Amino acid sequence: MEIRFMEDLALDALPAEGLDVSDPSIFAQNLQGPIFERLRREDPVHYCSKSPYGPYWSVTRYKDIIEVDSNHGAFSSAGATSLDEVRAKGVSADATPIGGFLSMDPPGHGAQRKIVTPALAPSNLVKFQDLIRERTRGVLGTLPIGEEFDWAKTVSVELTMLMLATLLGFPSEGRLRLKRWSDIIAGVPGDGVVESWEQRDQELKEMARTFLMLRDERRAQEPASDLLSIMAHSPEGQALSDMEFASNVSILIVGGNDTTRNSMSATVMSFHENPGEWAKLKANPAMIDSAVSEIIRCHTPIMSQGRRATQDYELGGKTIRKGDKVMMWYISGNRDETAIRDADRFIIDRQNPRHHLSFGFGIHRCLGNRLADMQLRILLEEILAQGWSRIEVTQPPQFAQSSSVRGVRSLPVRIHP
Ligand code: HEM
């Protein structure tokens with residue numbers, strides 16, 4: 001079974017100016033490859049005048065994305081990091097904010113980023129390494145060899161939720177709630193998780209209440225190395241309002257759950273599609289670190305991030321006007337042949353494997369990138385240790401309805417001993 005982009009798409013018949021890549025169904029059907037390839041070629045800084053989210057620019061080439069991402073003075077993150085967020089905010093004036101410092105500019109951004117940085121620093125992550133390995137081994141050891149099962153649910157969801165619960169100090173029996181909140185934040189109503197923006201907001205309010213209750217419990221206890229404790233005890237964390245606190249925890253849920261989860265599914269999809277690379281890795285496990293980066297580049301778990309222009313700005317021969325919404329499509333930049341050789345191919349021993357946009361660039365560059373790398377490295381090490389010949393994808397994966405998170409909802413597989 002081959003997982004591919006749809007080839008019979010009558011793309012060339014559409015005028016480039018008619019292309020609206022905000023439509024989440026493009027990504028649910030995995031159609032984005034040829035669409036972005038065309039935009040990079042014909043109209044790399046592309047204006048869409050009409051979409052359900054209003055007008056917006058699409059920046060699709062690697063070097064232009066870096067230019068936007070590194071210029072936080074000209075391109076603000078405040079309330080502008082995703083297309084979906086715009087609609088979520090429209091529901092009510094007191095809609096639960098979910099962006100945390102991800103949706104802030106300096107100086108507030110730096111001050112709040114500092115609060116969670118120690119928890120995600122390599123020196124703190126080492127404390128979680130043995131536990132991640134033990135849990136990974138435990139989950140892989142129970143898989144039904146030779147039978148079809150859903151890798152996304154049984155492995156990717158389970159491992160990332162256990163890890164996130166540990167990292168946050170969230171009761172592990174409540175980890176399914178973390179997954180639900182992450183799915184709600186990442187998706188749009190009607191995609192099988194919630195039915196309306198109102199329901200979405202109600203559930204996110206419950207999430208906020210839960211985190212505030214845990215924060216208060218931590219404050220009454222001795223400081224520990226979990227994230228909620230670190231945030232509850234730090235002076236900067238104590239200065240956060242209730243909503244700021246809950247909002248900052250919410251980015252960790254998406255950051256720490258959805259993205260890594262989907263990379264774990266992408267690991268299986270990538271090697272299924274590229275048996276030669278699987279053979280290479282089995283013959284030389286020293287390639288695991290570069291393979292992890294290549295999986296993260298090719299899958300691009302966060303496909304896009306938005307900004308709002310704070311001034312008129314010339315980019316790629318176009319004039320972006322002050323106040324315009326600008327979407328950076330990392331999923332497109334990561335396939336840009338002018339920046340990455342053989343960008344459409346999955347090559348685990350490529351030169352400069354970390355030369356990709358999946359973790360963003362500039363002051364908002366992903367804080368959890370070392371944690372994600374560590375989880376995926378351990379997963380691959382433990383898969384190799386099982387000695388399986390291969391993991392076969394038996395039916396096409398189901399992708400989430402989102403133009404932001406590249407979610408793999410189901411991935412039927414069979415393990416060959
Ligand atoms: C920011 C991707 C894993 C926490 C980001 C950004 C991207 C990203 C693209 C930048 C957003 C922007 O510029 O607007 C990813 C990917 C991951 C991953 C692809 C896994 C493969 C994690 C993990 C955590 C995490 C495991 C933590 C548990 C964060 C946080 C930010 C962030 C807190 C905000 C940084 C800031 O605004 O300063 N991530 N992430 N991420 N990520 Fe990740």
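Visitor: Setting aside neighbours within four places in sequence, what is Ala266 in contact with?
Guide: Ala266 is in contact with Ile295 and His299 once those sequence neighbours are left out. Keep in mind that this is a predicted model.

Visitor: Which helix is Ala266 in?
Guide: Ala266 sits in helix H12.

Visitor: And is Ala266 buried or exposed?
Guide: Buried, because 23 other C-beta atoms lie within 10 Å of Ala266, and 20 or more is the cut-off for being buried.

Visitor: How far is Ala266 from Trp197?
Guide: The two are 29 Å apart in space, C-alpha to C-alpha, and 69 residues apart in sequence.

Visitor: What about Thr267, where is that one and what does it touch?
Guide: Thr267 is also in helix H12. Not counting residues up to four places away in sequence, Thr267 touches Ile295, Leu376, Leu379 and Leu380. Ile295 also turned up in the contacts of Ala266.

Visitor: Buried or exposed, for Thr267?
Guide: Thr267 is buried, with 23 other C-beta atoms within 10 Å.

Visitor: How do H12 and H16 cross?
Guide: Their axes come within 10 Å and cross at roughly 30°. H12 passes H16 in a right-handed crossing.

Visitor: Which residues meet there?
Guide: From H12 you have Thr259, Thr260, Ser263, Met264 and Thr267, and they meet Ala372, Gln375, Leu376, Leu379 and Leu380 of H16. By class, that contact has five nonpolar residues, five polar ones and no charged ones.

Visitor: And H6 with H16, what does that crossing look like?
Guide: The axes of H6, residues 122-141, and H16 come within 9 Å and cross at roughly 35°. This crossing is right-handed. On the H6 side the contact includes Leu125, Gln129, Ile132 and Arg133, and on the H16 side it includes Arg370, Leu371, Met374 and Glu382.

Visitor: What classes of residue are in that contact?
Guide: H6 with H16 has nine nonpolar, four polar and four charged residues.

Visitor: While we're on H6, is Lys127 buried or exposed?
Guide: Lys127, which is in helix H6, is exposed, with 11 other C-beta atoms within 10 Å. The cut-off for exposed is 12 or fewer. Lys127 and Ser225 are 98 residues apart in sequence, with their C-alpha atoms 8.8 Å apart in space.

Visitor: Let's switch to the ligand. Which residues come nearest to it?
Guide: There are 27 residues around the ligand, and Gly255, Gly256, Gly360, Cys366 and Gly368 come nearest. The elements giving two or more residues to this shell are helix H5 (108-120), helix H12 (242-273) and helix H16 (369-386).

Visitor: Which helix gives the most?
Guide: That's H12, with seven residues in the shell.

Visitor: How do the shell residues divide by class?
Guide: They come out as 14 nonpolar, 12 polar and one charged.

Visitor: Last one, the whole chain. How many helices and strands are there?
Guide: The protein chain has 16 helices and 12 strands. The radius of gyration is 21 Å, close to the 22 Å that the globule rule gives for 417 residues, so the chain is as compact as a globular protein of that length. Buried residues make up 47% of the 417.

Methods
Residues are numbered from 1 along each chain as its sequence is written. This is a predicted model: local features need pLDDT of at least 70, side-chain atom pairs count only at pLDDT 80 or more; totals for chains, interfaces and linings use all residues. A residue is near a molecule or strand if its C-beta atom, placed from the backbone, lies within 6 Å of it. Helices (H or I, at least four residues) and strands (E, at least two) are DSSP runs, numbered from the N terminus. Ala, Val, Leu, Ile, Met, Phe, Trp, Tyr, Cys and Pro count as nonpolar, Asp, Glu, Lys and Arg as charged, and the others, Gly among them, as polar. The radius of gyration is taken over C-alpha atoms; the globule rule is 2.2 Å times the number of residues to the power 0.38. Axes are lines fitted to C-alpha atoms, for helices over the stretch in contact, and angles run from 0 to 180 degrees between N-to-C directions. A crossing is left-handed if the near helix is turned anticlockwise from the far one by less than a right angle, and right-handed if clockwise. Two residues are in contact if their C-beta atoms, placed from the backbone, lie within 7 Å.
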